[in-house]
Every structure is written in structure tokens, then in C-alpha cells.
Amino acid sequence: MTIVTSFYVTSWQEAKTLKTEIRLKPGRDKPLRQRHPWVFSGAIAEGSAEPGGLVNVVDKTGAFLGKGTYNPHSQIRVRIMSWDQDEQVDAEWWAQRLEGAIQRRRHISESHQTNAARLVHAESDGLPGLIVDQYDDILVMQALTLGVEQAKSTIVDALVQLLNPRSIYERSDADARQKEGLAYRTGLLYGEEVPKLVMIAEANMVYPVDIVKGHKTGFYLDQRAARAGLIWNPNIQGGEILNAFSYSGSLGICAASNQAAHITHIDSSEPALELARQAIAANSQTEEQHTFVAADVFEQFRHYRDQGRQYDVVILDPPKFAHSARQVERAARGYKDINLLAFQLLRPGGILYTFSCSGQVSADLFQKIVFGASVDAERDAQIMEWFDQPADHPVLLSFPEGRYLKGLACRVVPF
Ligand code: SAH
């Protein structure tokens with residue numbers, strides 16, 4: 001049934017019986033007392049455990065704070081799995097946490113008319129390092145920490161029990177793995193081979209998803225609110241749209257279904273644009289309504305500016321520019337440049353849909369960057385709408401790091 005290697009099972013079972021303990025330095029217990037689930041290497045006074053094994057974390061007096069999985073190869077040495085000293089982090093624990101996460105999303109399929117959602121959003125669902133996305137009857141999981149890597153077969157068994165999926169596919173090829181000292185792993189974990197494309201539905205639209213080769217786990221589930229905004233905003237109708245960083249085109253395809261006159265999709269990835277072509281056909285839209293440009297957005301925008309081109313709507317959904325706190329300044333310059341060019345390409349009354357998925361760039365900072373871009377472009381603009389990650393990508397109050405996506409819809413006004 002499942003692909004279970006005895007190594008994982010053995011080391012997970014062994015880890016449960018370890019008696020080791022991590023003692024924190026004086027004054028370093030406050031984040032844990034406030035239920036922040038990370039213990040950084042610099043906060044540890046003494047102690048260690050088996051790599052990937054469970055360990056109790058205690059304060060300087062020996063008082064219990066939490067228990068979590070240990071990774072000596074990560075700056076985040078312990079990820080807290082439980083705040084209860086008596087709780088066993090065993091197969092039943094995984095099943096219960098997974099069931100809770102799934103139950104909390106029960107409303108999403110109906111309210112968004114969809115068969116695709118994020119079922120587990122890692123730390124924010126009390127499951128540090130684990131992502132599970134659902135695409136119809138196929139689950140895609142990412143194990144982003146050593147602890148999750150070692151519990152993988154337990155997780156797969158629990159997901160099979162809870163959801164009876166057709167397949168579970170692993171896409172543990174995210175950057176976060178490197179910080180944990182883990183190699184990328186992808187492949188089938190359970191069930192049938194996954195089809196080349198899985199069709200998902202959302203709000204009267206359909207999207208082909210490439211689970212094996214697509215970005216992330218195959219689709220940008222987190223942009224559901226923006227897709228809805230583009231489907232229903234009457235200002236889109238009749239407009240010329242520039243869909244920059246389009247990936248498989250979904251934002252532009254939503255605009256097209258809202259009677260936009262024409263959409264130009266720009267992405268540096270040819271396979272992404274090919275997927276967009278298939279998405280257009282799947283939604284019975286004609287290729288005449290769409291143009292595909294395989295290019296660097298920065299260069300292409302300069303080119304359009306120099307040609308004096310103007311658009312009614314510009315959508316900017318770039319990849320993450322800041323991967324660490326040190327990269328925030330450089331990322332801010334990138335966001336400023338691209339938003340400045342976007343403002344220059346907008347007609348009076350035009351709308352900029354602009355996003356950032358850099359967790360290190362706060363919503364407040366992002367708004368300031370967009371403001372700076374409007375000043376340099378000499379455009380007055382009003383924010384019509386704020387975007388955030390949707391309910392299946394929740395943010396735990398004690399873990400603000402879980403928030404990463406933010407966006408604005410800004411209209412250029414003639415003041
Ligand atoms: N808007 C998309 C998601 C975009 S993800 C959606 O809703 O599905 C970011 C995209 O930017 C990726 O498809 C990536 O291939 C593309 N990309 C990254 N850097 C780029 C660049 N400099 N120029 C053009 N495309 C780029």
C-alpha cells in the first residue's frame with residue numbers, strides 16, 4: 001500500500017523513547033512561553049538528541065516548556081510539536097492533528113466551489129514542517145523538516161485513513177529543505193501514478209495542475225482571493241490586461257472570463273506558458289483573447305514603456321524576492337522597480353494588482369514601497385482592495401512568520 005522504509009519507522013520509534021532534554025539559556029524561554037514553536041541554536045545552553053528525534057525543551061530551572069523534533073543541522077534546532085508534557089507524539093497524535101486541520105477547512109470546498117485547497121499549513125496548523133495540498137482526489141505533501149521527513153510514513157498512513165486519496169505525491173523540493181540539511185525528494189508515496197495534469201475547479205473556472213513538474217505543489221492555491229477579485233471586478237470588463245509573472249495564467253484567465261478585451265501573459269518559463277495555453281482551452285477561451293510572451297518581466301516592461309504602450313490593468317505577482325532578512329533591502333528595490341514600471345504602463349483610471357509573497361517584507365513595508373513607486377511614476381493612486389492569504393493558509397497569532405502573501409489593488413486617479 002504505502003512506500004514505507006523501515007528506516008523511518010525505526011528511527012521514529014526510537015526517537016520516542018529518548019530521554020534527552022534541551023535546556024535553554026536564561027531569559028530565552030519567553031517565545032516558547034508565548035507558544036512560538038521554534039528553538040534557535042543560539043538559545044540553547046545544553047543538551048542534544050537524535051537527529052529528527054523528539055526532545056523535551058526546558059528552561060534554566062528545568063521546568064518543561066514543550067516537546068519537539070530536534071535537528072542539529074538546522075539553525076532552528078527544535079520545532080515544538082506539543083506543549084503538553086504528557087502528550088505522546090505518536091501515530092495517533094499525527095492522525096488527530098491532521099484530522100483537525102482537515103476539519104477546519106470543511107467549508108472551503110463549498111464556499112469557493114472548489115476541489116483544491118491547502119489542508120495543512122505547517123506551523124500554523126500545529127504541524128511544523130508539513131504542507132499537504134489537495135488537488136481533487138490527489139494529495140501532494142512537502143516534508144520541510146527532518147522531524148517530518150522521519151514521520152513521513154506515519155503521516156501517509158494517517159492521510160490514507162482520513163481521506164482515502166487516489167494518490168499521495170511528495171514534492172519535497174522546496175528551498176527550506178536545504179536549511180534542514182535535507183536533499184530534495186519527489187515521487188509517489190501512495191496509490192496510483194499521478195496523471196500528467198489534474199483538473200481542479202474553482203468558482204466556475206477549471207485549471208490544469210502539473211503536480212510532478214509544476215511550481216510549489218503544482219498551483220498557487222494561495223491566490224484564490226485575487227482570482228475571485230479578478231472574476232468579479234466590473235472594472236476589468238473591456239480592458240487590456242498585462243498579466244506579469246503569469247505562471248499558468250490563472251489570474252489573466254479570470255480576467256478573461258470577466259470579459260477583459262485582451263490579456264498579455266508574461267513569464268520567463270516556457271512550460272508555465274504552455275500550461276497557460278492548456279488552461280485557456282480548458283475554460284473554452286480563445287487564444288485570440290490571449291498573447292503569451294516568454295521574457296524577463298523587468299526587460300519586457302521597459303521595452304513596453306519605451307514603445308509608449310498603455311494598459312487598463314497590470315497584474316504583478318513576482319516570485320519571492322527576499323529569502324532572508326538580509327535580502328529585504330535588495331528585494332525592496334526589486335519591488336519598487338517593477339511597480340514603478342507598472343504604474344508607468346497604466347492608463348489614467350487603470351488598476352494595478354500588485355503582490356509580494358516575501359514573508360520578510362511586511363504588508364506595511366510593501367504598501368510603502370508601492371507608494372514610493374507611485375511617487376516616482378508621478379501617479380496618484382488609491383487602494384481599492386487589500387489581499388491576503390486565504391483561510392486555508394492560516395496564520396497562528398503566536399507565529400507571525402506564517403504570514404507571507406500580501407497584495408493591493410490600486411487605481412490610478414486623476415487628482
Ligand atoms: N501569478 C501566478 C503565480 C506567479 S509565481 C499565479 O497566480 O498562478 C511567479 C512566476 O514568475 C513564476 O511562474 C516564474 O516562472 C516567473 N518569473 C520569475 N522571475 C521572472 C522574471 N524575471 N521574468 C518573468 N517571469 C519570472
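## Helices α11 and α12

Helices α11 and α12 are roughly parallel to each other (an angle under 35 degrees). Their axes, lines fitted to C-alpha atoms over the stretch in contact, cross at roughly 30° and come within 10 Å. Helix α11 covers residues 297-306, and helix α12 covers residues 328-344. Helices here are DSSP runs of H or I with at least four residues, numbered from the N terminus. The crossing of α11 and α12 is left-handed, with the near helix turned anticlockwise from the far one by less than a right angle.

From α11, Val297, Phe298, Phe301, Arg302 and Arg305 make the contact (heavy atoms within 4.5 Å). From α12 come Gly334, Asp337, Ile338, Leu341, Ala342 and Gln344. By class, this contact of α11 with α12 holds six nonpolar, two polar and three charged residues. Asp, Glu, Lys and Arg count as charged; Ala, Val, Leu, Ile, Met, Phe, Trp, Tyr, Cys and Pro count as nonpolar; the others, Gly among them, count as polar.

## Basis of the model

This is a predicted model: local features need pLDDT of at least 70, side-chain atom pairs count only at pLDDT 80 or more, and totals for chains, interfaces and linings use all residues. Residues are numbered from 1 along each chain as its sequence is written, and side-chain values use heavy atoms, leaving out hydrogens and water.

## Helices α8 and α9

Helix α8 (residues 224-232) packs against helix α9 (residues 250-257) at an angle of about 25°. Their axes lie 7 Å apart. That makes α8 roughly parallel to α9. The crossing is right-handed. Ala226, Arg227, Leu230 and Ile231 of α8 meet Ser250, Leu251, Cys254, Ala255 and Ser257 of α9. The contact of α8 with α9 has six nonpolar, two polar and one charged residues.

## Helices α3 and α6

Helix α3 (residues 91-103) and helix α6 (residues 152-163) pack at about 50°, with axes 9 Å apart. That makes α3 oblique to α6. Their crossing is right-handed. Ala91, Trp94, Ala95, Leu98, Glu99 and Ile102 of α3 meet Thr154, Ile155, Ala158, Leu159, Leu162 and Leu163 of α6. This contact of α3 with α6 divides into 10 nonpolar, one polar and one charged.

## Ligand surroundings

There are 15 residues around the ligand (a heavy atom within 4 Å). Asp267, Ser268, Asp296, Val297 and Asp317 come nearest.

A polar side-chain atom of aspartate 267 lies 2.7 Å from a ligand oxygen atom. For aspartate 296, a polar side-chain atom lies 2.7 Å from a ligand nitrogen atom. Serine 250 has a polar side-chain atom 3.5 Å from an oxygen atom of the ligand.

Definitions and conventions
Axes are lines fitted to C-alpha atoms, for helices over the stretch in contact, and angles run from 0 to 180 degrees between N-to-C directions. Helices (H or I, at least four residues) and strands (E, at least two) are DSSP runs, numbered from the N terminus. Angles under 35 degrees count as roughly parallel, over 145 as roughly antiparallel, 65 to 115 as roughly perpendicular and the rest as oblique. A polar contact is a pair of N or O atoms within 3.5 Å; within protein, one must be able to donate a hydrogen and the other to accept it, and residues adjacent in sequence count only if both atoms are side-chain atoms.
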